[in-house]
Structures are given as structure tokens and as C-alpha cells.
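Please review the model shown here before reading the briefing on its salt bridges, helices and surface.

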Amino acid sequence: MDETTSDDPPPRPWDEEEPREIEEDGPTRVSAWPLVVALGLTVSEVGVFMGVYPLAVGGLVLFVASVAGITHEAGYTRRPWRLAGALGVVLVAAGVWMVSTQVPLAVDPVVTAVERADGIVLRGVSVVGAGVVSVVGAAIVSAMGDGTNDTFPA
Amino acid sequence: MAVEQLALTVLMGILLVAVAGLVSRMVDWRSYTPLGGASAIGGSGYGGGHAEKPAGIVRWFTTVDHKDIGILYGIYALVAFFWGGAAVLLMRAELAAPGFDIMEAAFYNSLLTSHGITMLFLFGTPIIAAFSNYFIPLLIGADDMAFPRINAIAFWLLPPGAILIWAGFFTAPLGLGIDPAQTSWTMYTPLSAEQANAGVDLMLLGLHLTGVSATMGAINFIATIFTERGDDVNWANLDIFSWTILTQSALILFAFPLLGSALIMLLLDRNFATTFFAVEGGSPILWQHLFWFFGHPEVYILVLPPMGLVSWILPKFSGRKLFGFKFVVYSTLAIGVLSFGVWAHHMFSTGMDPRIRASFMAVSLAIAIPSAVKTFNWITTMWNGRLRLTAPMLFCIGFISNFVIGGITGVFLAAIPVDLVLHDTYYVVGHFHYIVMGMIAFAGMGALYYWFPIVTGRMYQRTLAKWHFWLSMIGTNITFFAFLVLGYLGMPRRYATYQFDGAIAPLAQVTTLHQISTVGAFIIGIGQVVWAWNMVQSWYEGPEVEDADPWNLKDDGMFGREFQWFEAQKLAADGGEEEVATDGGGVRPDGGYRRAVRRVDDE
Amino acid sequence: MVSEPDAKTFDRETLLDLVVNAIPLGIILFFILVFALVNPFGSDPVNTAIQFSIMIVTGLALLVLTYVSGKAVSEAEDELEEQGLELSEEAGADGTAETTAPAETEDDTA
């Protein structure tokens with residue numbers, strides 16, 4: 001479960017006291033992420049499917065962030081924000097694909113489709129929006145965390 | 001409009017990222033405090049084992065401990081059980097007289113749909129998950145589930161799923177135009193594809209979430225049973241409950257993703273003009289095939305673990321080992337495989353090719369054997385045994401008795417000629433209610449009583465438990481036997497009224513039988529109220545269990561691994577050594593090794 | 001048996017246990033024969049193929065799973081016997097009095 005690569009960041013303060021394989025010694029008992037992951041999945045599913053765009057974007061961002069968070073917490077990744085950004089890119093790609101199934105990928109047709117409230121295009125745009133928010137958010141938080149503390153290694 | 005929405009979304013997204021950042025900071029700090037080392041867990045005993053958990057409600061929202069999650073599953077399932085039970089009592093009240101008396105057809109249909117889906121997906125599967133989460137790691141000597149966080153995610157998908165499935169009932173009074181679904185639990189197309197009601201979409205999404213949850217749980221159990229067993233537990237002495245959960249998980253793994261896909265296809269048909277289940281497209285029958293390819297294994301997903309529970313508990317109060325333990329194991333596996341080859345026996349009257357239909361009949365008859373084998377094993381276990389009629393034992397015996405009726409009626413239905421006559425009548429409803437209520441719910445109740453001392457550290461009120469059993473047993477048999485007879489009279493399923501022409505069916509008898517089964521249903525209902533009172537009151541005020549062996553299992557050499565764990569917890573709480581106080585795997589089950597040999601030697 | 005683990009896959013007792021699944025297999029086989037001999041609906045390439053594959057595939061799957069699980073269980077039994085342990089679901093029945101030496105030595109190796 002440990003990825004050992006040369007570009008590992010310097011060990012975090014607790015790494016010395018606590019081995020990463022916490023579960024070898026005894027199970028972890030507490031995590032706030034599962035609830036958030038489940039909520040993110042639910043909200044994004046309802047939002048995207050029922051075409052409620054604020055829910056779609058909010059849910060997807062929540063889902064991306066919580067997946068990054070839980071993966072980081074479980075020790076599968078050392079840089080949650082990089083994973084969040086990557087998932088954001090995946091969302092952008094998926095959203096663009098959704099739009100492209102309906103209209104040619106150019107500014108005018110997409111704007112027209114949005115204006116006449118084409119359901120699939122709007123859903124695609126909301127997924128793209130969620131992806132963009134994730135990427136930008138990940139970049140900003142990562143930049144904030146860099147240098148000041150190493151809780152969130154970039 | 002769209003621009004406003006988009007602006008709103010961007011704002012919401014930014015807010016969410018900020019929140020997520022804060023949460024992760026907090027969580028990161030918390031989960032890396034030394035939980036794993038002996039320092040945190042070692043010193044804690046029974047009841048104090050939660051010392052490292054946050055206090056109050058936060059503990060329940062953040063727990064990834066299999067025992068806590070098991071309790072959450074149990075509470076969730078019981079809430080759903082009462083929802084589904086309330087729905088059916090309303091339906092039975094309506095059916096007490098032939099005409100429309102207390103509700104309209106639309107509301108009856110909504111209750112019917114909600115009752116079926118709630119009982120199968122929100123009560124049946126979760127109550128089994130409650131037992132398996134709490135006890136599988138204890139029974140196989142594991143520290144916890146293989147993936148504790150995924151375990152928690154699987155649970156937390158369920159409450160939103162339930163809210164979505166029930167959504168129509170909450171939104172209907174608001175006048176949003178979102179009503180409860182009226183699709184019945186089978187969601188047959190074209191009916192389900194053509195009901196223009198967002199409540200159906202929400203229900204399908206909710207079902208999809210519960211399916212995702214079940215699949216995650218199944219993967220977790222398979223991984224746990226394969227990889228997390230204690231050193232002294234292998235395939236030869238794996239307990240029967242773990243065997244059935246393993247088989248069930250394999251069935252879930254193959255069946256539920258298919259349901260998820262079919263649900264998405266249905267959603268696409270409803271919202272995006274695809275034609276998977278349209279007459280001019282994939283045909284409505286395709287839905288039935290996909291649904292029952294999931295749906296029949298689902299029957300065994302629901303019934304195998306209760307069979308495992310009974311196989312585990314029954315011997316404890318018979319004073320004898322389970323007769324033919326390995327027969328039960330192999331027949332469980334056989335049911336698991338064969339259950340994928342019988343789905344079209346739900347569709348004998350759809351006009352499919354008679355040759356194919358005959359094959360499904362053949363496999364359906366074959367699958368009766370492994371189930372019958374188990375019945376004989378349970379009976380022979382009790383034969384000449386020293387029976388102790390405690391509440392768990394009574395529920396196990398009731399389970400067997402109901403299974404004999406429910407199972408044999410099923411064998412008749414597997415035969416095409418009989419099925420063509422009885423299809424879509426109350427006979428079918430009676431048959432599967434003997435299974436789902438008479439078996440699954442009974443085994444669940446028995447297990448709740450059996451393990452109540454471990455989970456709560458207290459004892460339930462035995463008199464109330466006996467009342468609960470007898471009310472349930474009598475009520476179940478009154479209600480569902482009347483169903484069987486109604487089926488013979490030709491009463492069709494799913495109707496809110498039954499005002500026949502007297503030439504078609506004897507209305508007087510049908511009315512009487514409906515009234516009998518309404519009375520029976522209310523007897524069951526009273527029994528469950530007694531039970532709810534017993535559980536809640538005993539949890540708070542019941543006498544504390546002093547001895548780790550409340551069932552006197554040591555006398556018979558039947559002190560199971562889960563009670564050994566309980567004993568270690570109690571010893572630790574009384575100031576025992578620290579090292580035994582770790583969870584689950586910390587118990588060295590080699591304490592006192594198995595004098596009781598399983599089979600032939602006993603007989 | 002312990003000395004010659006590879007002599008036979010299943011000993012007599014395991015075979016007896018596995019008989020339980022031979023009964024449904026026998027029923028399926030019976031119907032395969034019946035449907036092959038008695039054929040009132042005539043033959044049709046697609047439907048007849050589906051008809052027989054439902055029974056044959058299910059039967060084969062059952063056969064394979066029975067074999068694999070039987071093998072796994074009987075190997076696990078040999079393992080336990082080598083360690084001088086008896087088989088029971090209740091590992092540790094009889095409380096503390098029966099804490100036996102073999103169990104302890106076996107567990108300490110882990």
C-alpha cells in the first residue's frame with residue numbers, strides 16, 4: 001500500500017511516531033470522509049441526473065474532494081490536491097464529451113444550446129464546471145498549503 | 001436562468017472546496033493521532049473500547065469500526081422495517097372490505113411499491129449487513145473489515161438512498177408534482193417507463209445507490225473472509241454464518257451491478273428517449289429478463305444469511321452440533337450457483353419459448369434440493385437434542401416451520417403447469433411472504449435476541465420476547481395461509497379492491513379471507529410493537545449481563561468465537577490483562593481448543 | 001492420508017459430503033436426457049441451444065464450484081489435522097480448561 005518513490009515529500013511530523021500501516025497494528029476507528037463521500041455521490045447523482053445544476057456541480061466537487069481526502073487519509077496518496085486536480089480534469093473531459101455528443105465543440109453552438117436549455121448540453125456544462133472548480137480549487141489550496149505548513153504537501 | 005444557476009454553482013463549488021479543505025485538515029489531524037498503537041486501544045476494556053472515539057453523535061457519523069457500523073445498519077433496517085410495516089397495515093386495512101374505503105387506488109399503489117422495495121432493499125439486506133458487520137470479524141478472528149472506510153461509505157449511501165426511495169411521500173403534500181412511485185417493486189416496463197412522475201426517477205436513483213452500497217459491502221466481505229481470517233481459522237473450521245455471507249456476497253457481486261445497469265437503462269428510457277425497454281426497441285420483456293436475472297439471486301441474497309444464522313444458533317440450544325455441517329456448506333454453495341439459472345421461472349406466463357421455459361423449470365426443481373437438505377439438517381440437529389426454548393430458539397424453530405410451508409409452495413410454483421394457473425395470484429404472495437417474513441425476518445429476530453447481550457451488555461425481557469414470538473408466529477401463519485387460500489380462489493395480486501362478479505369468484509369467501517389476513521397482519525404488528533418496546537427499554541434498563549456466557553453454552557462445548565471475544569472484553573473491563581482487550585483479532589481463540597468434534601462421532 | 005496427500009483428491013468422507021450436490025446435478029442431468037429424448041416442441045437452432053445451455057452451463061458451474069470448494073475444505077482439514085487440531089466451528093469450546101499445547105505452539109508461529 002505504500003508507494004515508495006524518489007520524489008516523496010519530507011516525512012510529516014507524525015510519520016516517525018506512527019508507521020503508515022496503521023491498520024497493521026489496529027484498525028483506524030474514526031474517519032469523517034465516508035459520510036462526505038456518500039453525500040457527494042448522492043448529491044452529484046441526483047444533481048446530474050435530474051438536471052439540478054447547482055446540486056450537480058456542488059455534489060461533484062464534494063465527491064472529488066472527499067475521494068481525494070479519503071485516499072490521502074488511507075495512505076494511498078501523499079498529495080490529495082494533485083488527485084483532486086486529476087479527478088477534476090477527468091470531469092472536464094467527461095463533460096466535454098457529453099456536450100460533444102449534442103453540438104459541435106465551438107463557442108457559438110454551445111452558447112446557443114445553453115440558451116435554449118438543451119438538457120444534455122447543460123448537464124455537460126455543469127460537469128465541466130465542476131471539473132474546473134475542482135482543478136482551480138485544488139491548485140489554490142495546494143499553493144496555500146505549500147511552504148506555510150506541510151499538512152497538505154503540494 | 002441558466003446563467004444564474006451557473007453562477008450559483010460556481011459560488012457553491014468554491015465554498016465546498018474551502019469547507020473540504022477545513023474538514024480534511026481536521027480529519028487528518030484526528031485520524032493520525034495514535035489510534036493504532038497499543039497505547040490507545042490496549043488500555044480500554046469492554047465499553048471503554050470506544051475511548052479513542054469522539055463522544056456523542058460525532059462518533060456515529062465518523063465511525064469506521066465494524067461494530068458501530070453494524071449497529072448503524074441494524075437501527076437503519078429497523079426504521080425501514082417499521083416504515084414498510086406501517087405501509088402494509090394501511091394496505092391491509094383498505095383490503096378489509098371489497099371497495100375503496102379508506103384510500104384511493106393511487107395511494108394504495110404507492111404503499112404497495114414502497115412496502116416491497118423497503119422490505120427487500122432497506123430492511124432485508126441491511127439487517128443481514130448489521131449481523132455480518134458486527135459478527136463476521138469476531139467469528140473469523142479479524143481486527144476489522146478489510147476496508148473499514150469503504151464499509152462506512154457503504155452504510156452512509158443507504159440513508160440518502162432511503163430518502164430518495166421514499167421521496168414522493170415527503171414531496172407529495174408540498175404540491176411540487178413529485179408523487180410516490182406506483183411501479184410495484186418489480187418496476188415492470190412499460191408501466192415504469194411511462195409514468196411521468198419525478199418521484200419514480202428519484203426512487204430509481206435511490207435504488208441505484210443502495211445497489212452501489214450492497215456491492216461495496218459484498219466486496220468488503222469477500223476480501224475480509226478471504227484475507228483477514230485469524231491464524232487458526234481456515235476453510236475447514238470457518239463457521240456456517242461466514243460461509244453463507246461469503247456466498248451471499250458473491251451473489252451480490254454478480255447480481256447487483258446488473259440491477260444498477262438496468263436501472264440506468266430505465267432512467268435513460270424515461271428521461272432521454274432511449275428505447276432499451278420500448279416495444280420498438282429492446283422490448284419490455286428485456287426488463288423482466290434483466291430484472292429477474294438480478295431478482296432471483298436477490299432472493300437467495302436475502303435468504304442464505306438467515307439460513308446461516310439459524311444453522312449457527314439452532315445447535316446452541318439443541319445441545320448438539322449442527323448435523324451434517326458440510327452438507328449445509330456445500331448446499332449453500334450449490335444454491336449460490338443454481339440461483340443464476342432459474343430467473344425465468346418468474347416469467348413463465350410471458351409467452352417465451354416453451355423449450356427454454358422447460359429448462360428453467362428443470363433448474364428450479366433442482367435448486368429445491370439444497371434447500372430441503374438444510375431443512376432436514378436442522379430437524380436432525382434438534383432430533384434427540386436437549387432443546388431449550390429460549391426466544392432465539394423459538395424464532396429458529398418458527399423459521400423452519402415457516403420454511404417448510406414457504407419452500408414447498410415454491411416447489412409447486414416451479415412447475416410450469418401449476419404456475420400458469422397460480423401466476424399473479426395471492427398464492428405467489430403467500431409463498432414469498434412465508435419466506436421473507438416467516439424466514440428472513442424470523443431469523444433476524446432470533447439473531448437479535450441471541451446477540452443482544454453482546455451488543456448491549458444487557459439482557460432483554462424474556463416474557464416480552466416470548467409474546468413477540470407467539471404473536472409473530474400466529475400472525476404470520478394466519479395472514480399468509482389465508483393468502484395461499486385466496487390464491488387458490490383466484491384472487492389477483494396488487495389490487496386495492498376486489499369487487500368481483502360473483503360468477504368469477506366467491507366474493508363472500510374472498511372477503512372473509514381478506515379480513516382474516518388483515519387481522520393476522522395486525523397481530524404481527526402488535527407483536528413488533530412489543531418487540532420494539534422490549535429492545536429499547538432493555539437496552540437502557542435491562543439487567544446487565546454478569547457472565548460472558550448468558551446462554552450457558554460452555555456446558556455443551558458450544559461457546560462460539562463471538563462469545564469468547566465478549567468474554568475477553570468483559571475480563572479486560574474487570575481489570576484483566578491489557579493485551580486481550582484489543583478488538584476482534586486480539587482475542588486468541590485458541591483458549592480451550594474444540595473438544596467437540598462436529599459430526600458422526602456425536603451420533 | 002496425511003502421509004500421501006496427493007494420492008487422492010478426496011477421501012471417502014469428503015466424497016460423502018459432496019454427494020449432497022450430486023442430487024441437484026442428477027436432477028439437471030435427468031432433465032437434459034428427458035428433453036433430449038422427448039421433444040414435443042420440435043427443434044430450433046437458437047431455442048434448443050439456449051434450452052440445453054441453461055441446464056448444461058448451470059450444471060457445469062455447480063460441478064466446478066463443488067470440486068473447488070471440496071478441494072479447498074479437504075486441504076484445510078489436512079492442514080488442521082497435521083497441527084493436531086480437531087475441527088469445529090467453535091474454536092475454543094469448553095472455555096479455558098481445554099487450552100491445549102498444540103494450539104499455542106501453532107499460534108505463536110504467526
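The points below are grouped by topic.

This is a predicted model, in which local features need pLDDT of at least 70, side-chain atom pairs count only at pLDDT 80 or more, and totals for chains, interfaces and linings use all residues. Residues are numbered from 1 along each chain as its sequence is written, chains are lettered from A and ligands numbered from 1 in the order in which they are written, and side-chain values use heavy atoms, with hydrogens and water left out.

**Salt bridges**
- Over all chains there are 14 salt bridges (a side-chain nitrogen of Lys or Arg within 4 Å of a carboxyl oxygen of Asp or Glu).
- C:E77 pairs with B:K326 in a salt bridge whose closest N and O atoms are 2.5 Å apart. This pair crosses between chains, from helix α2 (residues 45-82) of chain C to helix α12 of chain B (helices are DSSP runs of H or I with at least four residues, numbered from the N terminus).
- Both C:E77 and B:K326 are buried (under 20% relative accessible area with a 1.4 Å probe, protein chains only; exposed is over 50%, partly exposed in between).
- B:R59 and B:D68 form a salt bridge, with 2.8 Å between the closest N and O atoms; B:R59 and B:D68 are both buried.

**Helix α12 of chain B**
- Helix α12 (residues 325-338) has 14 residues and reaches 20 Å from its first C-alpha to its last, close to the 20 Å expected (1.5 Å times one less than the number of residues).
- Of the 14 residues in α12(B), 13 are buried.

**Residue B:T518**
- B:T518 lies in helix α18 (residues 507-541) of chain B and is buried, with a relative accessible area of 7%.

Terms used. Helix = DSSP H or I, 4+ residues; strand = E, 2+ residues; numbered from the N terminus.
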